[in-house]
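Hi everyone, thanks for coming. I'd like to walk you through one chain today, so please take a look at the screen.

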Amino acid sequence: MKAAPRAVEPRPSGVKEWVSTAFRFATDRNDFRRNLLVNVGLFAAGVWVARNLSDFDLMSPQPLS
């Protein structure tokens with residue numbers, strides 16, 4: 001038995017369409033794998049930011065240039 005062909009949606013062209021597509025991708029509640037991918041990506045970005053910003057000591061005197 002052959003599967004029905006999937007309808008191909010046109011690719012977004014403008015910035016507004018890209019943002020709305022990304023928002024729709026991130027907020028689709030019915031797709032577990034997509035939500036897992038988004039959550040792991042956000043977690044990895046948070047870990048990267050936390051590791052890279054932990055080196056700054058805001059109370060230390062800054063070097064004069």
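What percentage of the 65 residues of the protein chain count as buried? In this predicted model, the figure is 2%. As for secondary structure, the protein chain has 2 helices and 0 strands. Its exposed surface comes to about 7,000 Å², and carbon and sulfur atoms supply 64% of that area.

Let's move to helix 2, which covers residues 32-53. Phe 32 belongs to this helix. Is Phe 32 buried or exposed? Phe 32 counts as exposed because its relative accessible area is 64%, and the cut-off for exposed is over 50%.

Leu 37 has a relative accessibility of 57%, so it counts as exposed. And here is a distance to look at on the model: the C-alpha atoms of Leu 37 and Ala 26 are 9.1 Å apart, with the two residues separated by 11 residues along the chain.

That's my tour, and I'm happy to take questions!

Note on methods:
Residues numbered from 1 in each chain as written. Predicted model: local features only at pLDDT ≥ 70, side-chain atom pairs only at ≥ 80, totals over all residues. Heavy atoms only, no water. Helix = DSSP H or I, 4+ residues; strand = E, 2+ residues; numbered from the N terminus. Buried < 20%, exposed > 50% of the residue type's maximum accessible area, 1.4 Å probe, protein only. Areas by Shrake-Rupley, 256 points an atom, 1.4 Å probe, with all protein chains shown as cover.
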